[in-house]
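Welcome, and take a moment to look around before reading on. This short report visits a few places in the model, one at a time.

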Amino acid sequence: MRVLGVNGWPGASHDGAACLVVDGEVVALAEEERFTRNKHAYGEAPLNAAAHCLAEHGLTLDDIDIVAHGWDLPKLFRDRDLDWFDTDADALEHLLPKALFPRTRDPRLTFVNHHIAHAASAYHLSGRDRGAVLVLDGQGEDVSTTLAVGIDGEIKTLRAYTPGWSLGYFYAAVCEYAGLGADAAGKMMGLASYGTPQDLTFGGALDFTDEGFAIGVVPPNLRSTGDTDEETATIRHWLAHLEKALPDGPNRSARRFSSRLGRYTKVTERDPFEYRDIAATAQAALERAVMALVRTLLRESGETTLLIAGGVGFNATLNGKLMRMPEVQDLFVQPLAGDQGVSLGAAVWAAAQEGDRIQPMKGSVAWGPQWSPEEIRRVLETTGTAYTEPADITAATADILAAGGVAGWFQGRAEGGPRALGHRSMLAVPHPEQTRDRVNVRIKDREAWRPFAPSMCQEAAEALIGTTTPLPYMIVTTPVTEAGAAVMPAVVHSDRTTRPQTVSADVDPLYHRLIGEVGDRTGAAVVLNTSFNGRDEPVVCSPGDALATFHRLPMDALALGPFLVRRPDGAPREAGA
């Protein structure tokens, strides 16, 4: 069975992506933003992503049995009295037009319930036969939180919360209030650890119960008209309440032209760091609500394994606390927790329904585009870029990092999701602590308080973070040991935690060897790893993207496949130097 899973719809979506599953195995996945360079690919169909997945295996739509979309769009549109297509053929043509995807026949088009697609991405790919499934996001078609259980290949929903009571929208509203932007949940999670939680009810708006939570400022049956979701209306309710309930007014923003950047950019009235206590309160409230949901879910399902998906699943601080709950004996968080992951979930759900045995994830999400050494060489020579070809790219890069340099690391297939995991990464030695400031402020042009994460050899994990449990996806936070705090201060957050990636030689031998080479030079097999991109830019995808970003940002070197590009002698290492 060949299934092409997709997310994204022209004019009404975000995080468009495509995934190819063949006989139950994920063989390709890519996100549309990586090709179009428009972060989150708002309103874009996954045209490039789908084309890549097909081309990677020499297929056309004629070879595909099912196209599975991660939203039940016919239900979504018809429930809101919006026009939908008369036939599946018309809908498929709108999504994947024949002018771009020539075919002699149409594959079957299946629309999968959004939260079922999220749940399937966690359950079917976790490698667990059974488990409790928690889906948390902004919303699906008509729910925002789903408690379910997966047993014997089937997913059964136990209960759900409506969109108006979305924890994702609550968190987004506080992000907007703090001046970070409604889609900046990751920023606020990092800001929260600097603050002190205050009133977790936010002036009576949240009520915490033994079974979960209740929200008093948004009608539970809220339904927008003429739109496909309740995001704008829900956030508006929250912002109106927050302005009355909080001592600090909202951090309003405006778009102004920046002479330095040469474009319009968002400017806030106040530094968002001043809202750290509000961020801490929102984080603590989210944790309290979700932990109550988890206890309810495990009690009602009788399970001790917890599987998580949905955009709130990117909250690594929350995940770390769930992992350490005594009720949770086993935790799997889908690393593609957001809407890019429903392309994956829809595909494996459809394949499982047809009887395919789904192959679990094995510690990597590197299913994207790749370039051969000769293809990379041609790009280097066509662009006139000076380069060398070291005998061992890992040793040459480790020399640069150990000397205090910051290097781009572009190897193999691109990862999916927002976290670079050693294929499209920016790397440094995480010592001294000032390295964090250099990478944050001078290279990535972002807030100084933003945390970084480490990649470490699996063998070093116990000494650095006190656990031998593999954590390959950088999706949970853990406390660090005394030894870890001493050797990697640039990736230890203010709450004495970090968001680690443990790297095994079996899963990623090249990256593991690089980190080991760094360890030989520094005494600690760990690197600071952040995504290879600039501000407001998707993670780089192609060699051309990598070169453009490298030349624009004041990094020291770029390991592009087996080739090494160095900053020319005398060129500034820091922005503004």
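## Val487 and its surroundings

Let us start with a single residue. Leaving aside its neighbours within four places in sequence, Val487 is in contact with Pro430, His431, Leu464 and Ala524. Please keep in mind that this is a predicted model.

Where does Val487 sit? Its place is in helix α16, which covers residues 482-487.

Next, a pair of helices. Two packed helices are described by the angle between their axes and by the distance between those axes. For helix α5 (residues 114-123) and helix α11 (residues 341-353), the angle is about 85° and the axes are 7 Å apart. The two helices are therefore roughly perpendicular to each other, as angles of 65 to 115 degrees count as such.

Which residues make the contact? On the α5 side they are His114, Ile116, Ala117, His118, Ala120 and Ser121. On the α11 side, Gly341, Val342, Gly345, Ala346, Val348 and Trp349 take part. Sorted by class, this contact of α5 with α11 has seven nonpolar and five polar residues, with no charged ones.

## The largest cavity

Now for the empty space. Rolling a probe the size of a water molecule over the atoms shows where such space is left. In this model the count comes to three cavities of 30 Å³ or more.

The largest cavity holds about 50 Å³ of space. Its lining is made up of Leu29, Ala30, Glu31, Arg34, Phe35, Gly368, Pro369, Ala414, Glu415, Gly416 and Cys541. Two elements, β3 (25-31) and α1 (32-36), each give two or more residues to this lining. The largest share, three residues, comes from β3. By class, the lining of the largest cavity has six nonpolar, two polar and three charged residues.

## The second largest cavity

About 40 Å³ of space lies in the second largest cavity. To find it, look for Pro335, Leu336, Val365, Gly416, Gly417, Pro418, Arg419, Leu421 and Tyr473, which line it. Six residues of this lining are nonpolar, two are polar and one is charged.

Technical notes. Residues are numbered from 1 along each chain as its sequence is written. This is a predicted model: local features need pLDDT of at least 70, side-chain atom pairs count only at pLDDT 80 or more; totals for chains, interfaces and linings use all residues. Side-chain values use heavy atoms; hydrogens and water are left out. Axes are lines fitted to C-alpha atoms, for helices over the stretch in contact, and angles run from 0 to 180 degrees between N-to-C directions. Helices (H or I, at least four residues) and strands (E, at least two) are DSSP runs, numbered from the N terminus. Angles under 35 degrees count as roughly parallel, over 145 as roughly antiparallel, 65 to 115 as roughly perpendicular and the rest as oblique. Contact means heavy atoms within 4.5 Å. Ala, Val, Leu, Ile, Met, Phe, Trp, Tyr, Cys and Pro count as nonpolar, Asp, Glu, Lys and Arg as charged, and the others, Gly among them, as polar. On a 1 Å grid over the protein atoms alone, a cavity is a set of points where a 1.4 Å probe fits but cannot get out, and a pocket is an open set with protein on both sides within 12 Å along at least five of seven lines; lining residues have an atom within 4 Å of a point. Grid points are joined across faces, edges and corners, and a volume is the space filled by probe spheres set on the points.
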